[in-house]
Amino acid sequence: TDIIDAAFGDGKIVYFPVTDAQSGEITPCSATNETQFVKGAFSVSEPANTEVADVGEIELILVPGIAFDKKGARVGFGKGCYDRLLQNSSAIKVGFCYDFQLCEEIPSEQHDVTMDYIVTETRIINCKEN
């Protein structure tokens with residue numbers, strides 16, 4: 001919430017994921033501090049009645065995960081939703097998690113998209129340096 005509020009305060013355009021439960025496709029949709037949110041797929045709050053973004057216009061994407069390693073590999077929720085979104089994006093990819101969610105190594109496959117940075121409650125990890 002603090003990150004989102006700061007982005008709105010800086011005049012940034014903020015997009016939220018709207019996920020199709022059947023296909024797992026994520027569509028980034030814009031929101032403002034006035035936007036109403038509804039419970040969407042997987043019980044995640046999603047903006048209602050907003051504009052769809054062009055993924056190519058997004059400069060930074062915050063990516064959730066169950067676990068990450070310092071090289072930027074991640075374990076998601078098993079549906080490949082974020083990997084499909086991220087493979088078409090040149091945005092900076094930032095995974096966020098708690099320190100206890102960092103692992104030594106996470107096996108990855110060719111289609112897995114790695115993070116550029118990992119942010120925890122105590123540090124910022126530049127994955128390209130690892």
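A salt bridge is a side-chain nitrogen of Lys or Arg within 4 Å of a carboxyl oxygen of Asp or Glu. Two of them turn up in a search of the whole structure. The structure is a predicted model, in which local features need pLDDT of at least 70 and side-chain atom pairs count only at pLDDT 80 or more, while totals for chains, interfaces and linings use all residues. Residues are numbered from 1 along each chain as its sequence is written, and side-chain values use heavy atoms, with hydrogens and water left out.

**View A. Salt bridge between R123 and D99.** The closest N and O atoms of the two residues are 3.2 Å apart. R123 lies in the loop between β10 (117-119) and β11 (124-126), and D99 in the loop between β8 (92-96) and β9 (102-103), so the pair ties together parts that are 24 residues apart in sequence. Strands here are DSSP runs of E with at least two residues, and helices are runs of H or I with at least four, numbered from the N terminus. R123 is partly exposed at 35% relative accessibility, and D99 is partly exposed at 22%. Buried means under 20% relative accessible area, exposed over 50%, and partly exposed in between (1.4 Å probe, protein chains only).

**View B. Salt bridge between K128 and D116.** The N to O distance is 3.3 Å. K128 sits in the segment after β11 and D116 in the loop between β9 and β10, twelve residues apart. K128 is exposed, at 58% relative accessibility, whereas D116 is buried, at 17%.

**View C. Nonpolar surface patch.** I3, L60, L62, I92, F96, Y117 and I124 make up the patch, with about 660 Å² of accessible area together (Shrake-Rupley method, 1.4 Å probe). Patch residues have over 30% relative accessible area and no salt bridge, and nonpolar side chains (Val, Leu, Ile, Met, Phe, Trp, Tyr) are joined within 5 Å. β5 (60-63) and β8 each supply at least two of the patch residues. L62, in strand β5, is partly exposed at 37% relative accessibility.

**View D. The largest pocket.** Its volume is about 1,400 Å³, taken as the space filled by probe spheres set on the grid points. A pocket is an open set of points on a 1 Å grid where a 1.4 Å probe fits, with protein on both sides within 12 Å along at least five of seven lines; lining residues have an atom within 4 Å of a point. The lining has 41 residues, and Y15, P17, I61, L62 and Y82 lie nearest the centre of the pocket. β1 gives the most to the lining, with five residues.

Key: Patches are made of residues with over 30% relative accessible area and no salt bridge: like charges are joined within 9 Å, nonpolar side chains (Val, Leu, Ile, Met, Phe, Trp, Tyr) within 5 Å.
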